[in-house]
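Subject: The structure I promised you

Hi,

Here is the structure for you to open up and turn around. Have a look at it first, then read my notes below.

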Amino acid sequence: MSFGTAEYKRRIRKTKERMAAEGVEVLLITDPANMNYLSGYDAWSFYVHQMLVIINEDEQPLWIGRGMDRNAARVTTWLYDENIIPYPDDYVQSDTKHPMDFVACILTQIGQGNRSIGVEMESYYFTAKCYGQLLKGLPNATFKDATLLVNWVRIVKSNAEIDYMKRAAVIVEKAMMDGIGLIKEGVRECDVAAKIFHTQITGTEEFGGDYPAIMPLLPSGDKNSTPHLTWTDKRYKRGDAVILELAGCYKRYHSPLARTVNIGQPNDAFITLSNLVVEGLNACIDMIKPGIYCEEIEETWRKAIEKSGIMKDSRLGYSMGLNYPPDWGEHTASIRKGDKTLLQPNMTFHLIPGIWLDQYGFEASESIRITETGCETFAKLQRELFITDEILAKNETQT
């Protein structure tokens, strides 16, 4: 397990407090990050249906999943063997049976069929079919939407979680510089992605890395006006600007980071845009502290860039940390106008004030931790537009 049993029991207790406040007696958790957070369960098995069941009177959760994944629950969790309940393999991707039929049967057998049951309605891993089968199998239950119940418990990290994110930051710094160092005219995008992947997984001599929840995002050239593209086998050209958004990951805890590099000398408009984004990012980092609202950070950003006449419609950042594909965000607090989430020490955010115009874009981001008096960035990489000619000249001088 990534943490001791006492840590998991503390998390279960806080989850039950929130369940009681929301009138939920039984909580069905299908988000693999929430399953990991409360039990330690860690396997690439979320492509089939599985869940953790929290019953308000019971000390331990139940794990219900595919039979061949039973031993993964034994190996990675703090659960007693009798709390690990496998379903037969003929429930997997069947036209006649569904894993939620099995879940409904188990809940009925243990006397939970007529209770208030919370389900994660907005989870990537809980389908309309899942909900329909539970309704059919548990006709006497009352269902409630408990999508973000555990996510909000996760938003304030323990010191041990922060330590994992600091390790992830060491990895992402290394991966970022390895990727930037390889980018030059004639190099293939896929070779840069491969170099980044290698560093993300090998990590350092002291600790290795996990697979991140999001692949390296590497839009370049005429595609860098949009943030969420990966890579092709195209070769870079002189004049291309390349955005790199990636994360280090350690024991499923992420530290995302974004930087932008230009192959050759950028034009004046691109330099102006990069300076604007970095100036706004710095202004936000300087003012962040506990006791303010998320929306106050966005207001600082908006005022810092208003002289340019550029508007950023998308949010400025979001809470993040523990997660699985397809996202490292926690889906709770967002740094945007109207978000009244009050910042507390050990909350963690990805602050990503990228600007994407019609023809080009620039990103520079930081993963941050709210401290007792302000905030700190997990990574310590310079915030600037990286220029390949300058990097090459610097390397030649050093050698």
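Let's start with a pair of strands: strand 7 and strand 8 run antiparallel and are joined by 10 bridges. (Strands pair if DSSP finds at least two bridges between them; helices, H or I with at least four residues, and strands, E with at least two, are DSSP runs numbered from the N terminus.) Before going on, keep in mind that this is a predicted model, where local features need pLDDT of at least 70 and side-chain atom pairs count only at pLDDT 80 or more, while totals for chains, interfaces and linings use all residues. Residues are numbered from 1 along each chain as its sequence is written, and side-chain values use heavy atoms, with hydrogens and water left out.

Back to the two strands. They make a hairpin with two residues between them, and Lys-251 in the turn has a positive phi of about 50°. Tyr-250 has Tyr-253 in strand 8 as its bridge partner.

Is strand 8 (residues 253-262) enclosed or open? 10 of its 10 residues are buried, so strand 8 is largely enclosed by the rest of the structure. (Buried means under 20% relative accessible area, exposed means over 50%, and partly exposed is in between, with a 1.4 Å probe and protein chains only.) Both faces are covered: Tyr-253 and Leu-257 are among the buried residues on one side, and His-254 and Thr-260 among those on the other.

Six strands line up in the order 4-3-2-1-5-6, with mixed pairing. Strand 4 (84-87) and strand 6 (142-145) are at the edges with a single partner strand each, so one side of each has no neighbour in the sheet. On average, neighbouring strands are turned by 25° against each other, direction ignored. (Axes are lines fitted to C-alpha atoms, for helices over the stretch in contact, and angles run from 0 to 180 degrees between N-to-C directions.) Strand 5 (residues 116-119) pairs with strand 6 in the parallel sense over four bridges, and Val-119 stands opposite Asp-145 in strand 6.

Which strands does helix 4 (residues 99-109) touch? Helix 4 packs on the sheet against strand 1 (26-29), strand 2, strand 3, strand 4 and strand 5, and its direction makes about 140° with that of strand 4. (Contact means heavy atoms within 4.5 Å.) Helix 5 (residues 128-137) lies across strand 1, strand 5 and strand 6, at about 155° to strand 6.

Helix 7 (residues 159-182) is worth a look too. Its 24 residues reach 35 Å from first C-alpha to last, close to the 34 Å expected at 1.5 Å a residue. (The expected span is 1.5 Å times one less than the number of residues.) Its buried residues include Glu-161, Tyr-164, Ala-168 and Ile-171. An α-helix has 3.6 residues a turn, so residues three or four places apart point the same way.

How many salt bridges are there? The count comes to 23. (A salt bridge is a side-chain nitrogen of Lys or Arg within 4 Å of a carboxyl oxygen of Asp or Glu.) One of them joins Glu-59 and Lys-9, at 3.3 Å from N to O. This pair links distant parts of the chain, 50 residues apart: Lys-9 is in helix 1 (residues 5-21), and Glu-59 is in the loop between strand 2 (51-55) and strand 3 (62-66). Another is Asp-389 with Arg-238, at 2.7 Å.

Last, the aromatics: the whole structure has 20 aromatic pairs. (Rings of Phe, Tyr and Trp, using its six-membered ring, pair if their centres lie within 6.5 Å; planes under 30 degrees apart count as stacked, over 60 as edge-to-face and the rest as tilted.) Tyr-41 and Trp-63 have ring centres 5.5 Å apart and planes at 40°, so this pair is tilted. Tyr-41 is buried at 2% relative accessibility, and Trp-63 is buried at 0%. Phe-3, Tyr-8, Tyr-164, Phe-207, Tyr-250 and Tyr-253 form one aromatic cluster.

Enjoy exploring!
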